[in-house]
Amino acid sequence: MRIFNPKQAGNRYQNYLLSDSSRDAGGNYTVSSAALNHTGVYVCTAEKGKPAYYTAISNTQLIWVTGVSAPVSLIISPSRTQHFTSVSLSLSCEDKSNSTGWRVRRHTDRWGLEDCSSSVSQSQTGSTCTINFTITYDTGVYWCESESQEKSHPVNVTVHFGVILESPVHPVTEGDTLTLRCLYQLLTPPNLRADFYKDGSLIQSQTTEMIITTVSKSHEGFYYCKHTERGDSPKSWISVTVSHPESQMSVLHVFSSVLAVCPYLLVTVVLIFKCCKMRDETMDFRHDTQKKTVKRLIQEGESDLPEHIDVSVRKKQPMDLSDLCREEDSSVESRLWQNESPEPSCVSMKSDWSMEHPIHFSLGESSADL
């Protein structure tokens, strides 16, 4: 098998043989690592007999590799991927960044790659293309493209006579509701009671619409509807995107950041704990030192404590002066606690005479006898 990539040369297309296309009997072509430059139209031809000859070229197939999407999306009215023949169809580029120069482009099996407004029955005003009278040849891939060749995500559009499937234009977000309807062109209203299939398997029968209330990734696949008398609709691919990927990535990023910072937080907490413990030990040591200083000063007869002595120490450690001095003056003790002018607190002022002749007190003696 030989794979070709048709590219436009003037008004004609020329097939370019891919350098890495295979010639094995399986007829497969594999791109090991898809990139944006692999986006394009592909055809194939088979090799038969000896001597070898090549078969006719197959129908074209557009392969689209998506990367970072452009800030624009293709809006289709009516909003579905399948449409009836002989109706009007509008396609426009909804720009999120308010930039200009967008136009609707398409690729069809009949006309290849072209602007949406190339034929007589089509017109383009600004970034809106209108197909006034649809035909089956309008079936193809449509997208928005800027002057700098930025591209939006493509949309497969099918034009068919008879039965069609009404399905969403853009991928469905996981967790949302999906509604599919079977429509018939010659009915008014066009809703048709039919059977619904997914990937060839019957999933719901004899109903005008099929509703999936909570969409999951498992609902992704090819869908179509079938009526016993009217026929089958074309198949439409329903794509499901993961809900809120940016939020999940943000949560994972925050979680990984927290894990990375945890060791540093642990070390910081330990250091703070040690610092607090050392501060408490220092305060206890200082408090004990001040208590010892106060006691020593009192024992030495100092009534005036130094200013650096914490007042709380004075209040927490009341001094029993009776153990240190036999004679005690209440006014001196008061000045000791209030840190007033210095006066001796534990000195007995006695004359030499009184030491030799002790004074005796008796009842009835007046002060004159002293």
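I call a residue buried under 20% relative accessible area, exposed over 50% and partly exposed in between, with a 1.4 Å probe and protein chains only. The model is predicted, so I take local features at pLDDT of at least 70 and side-chain atom pairs at pLDDT 80 or more, while totals for chains, interfaces and linings use all residues. Residues are numbered from 1 along each chain as its sequence is written, and side-chain values use heavy atoms, without hydrogens and water.

**Salt bridges**

I looked for a side-chain nitrogen of Lys or Arg within 4 Å of a carboxyl oxygen of Asp or Glu. That rule gave me ten salt bridges.

I started with K198 and D199, whose side chains meet at 3.1 Å, N to O. K198 is buried at 18%; D199 is partly exposed at 44%.

Next I took R181. Its salt bridge with E166 has the closest N and O atoms 2.8 Å apart. R181 is in strand β18 (residues 178-184) and E166 in strand β16 (residues 163-166), 15 residues apart. I number strands from the N terminus, as DSSP runs of E with at least two residues. R181 is partly exposed at 27%, whereas E166 is buried at 19%.

R181 also forms a salt bridge with E209, at 3.0 Å from N to O. E209 belongs to strand β21 (residues 209-212), 28 residues from R181. I found E209 partly exposed at 26%. Shared partners join R80, E166, R181 and E209 into one network.

**Aromatic pairs**

I paired rings of Phe, Tyr and Trp (its six-membered ring) with centres within 6.5 Å; planes under 30 degrees apart are stacked, over 60 edge-to-face, the rest tilted. The whole structure holds three such pairs.

W111 and Y137 are edge-to-face, because their planes stand at 85°, with ring centres 5.8 Å apart. W111 is in the loop between β10 and β11, Y137 in the loop between β13 and β14. Both are partly exposed: W111 at 35%, Y137 at 40%.

Y197 and Y224 are stacked, 5.0 Å centre to centre with 5° between the planes. Y197 lies in β19 and Y224 in β22, so the pair ties together parts 27 residues apart in sequence. Y197 is buried at 14%, and Y224 is buried at 14%.

**Hairpin**

I checked β12 (residues 122-125) against β13 (residues 128-131): they pair antiparallel over four bridges. Pairing needs at least two bridges found by DSSP. Q122 has I131 as its bridge partner in β13. Two residues separate the strands, and G126 takes a positive phi near 65°.
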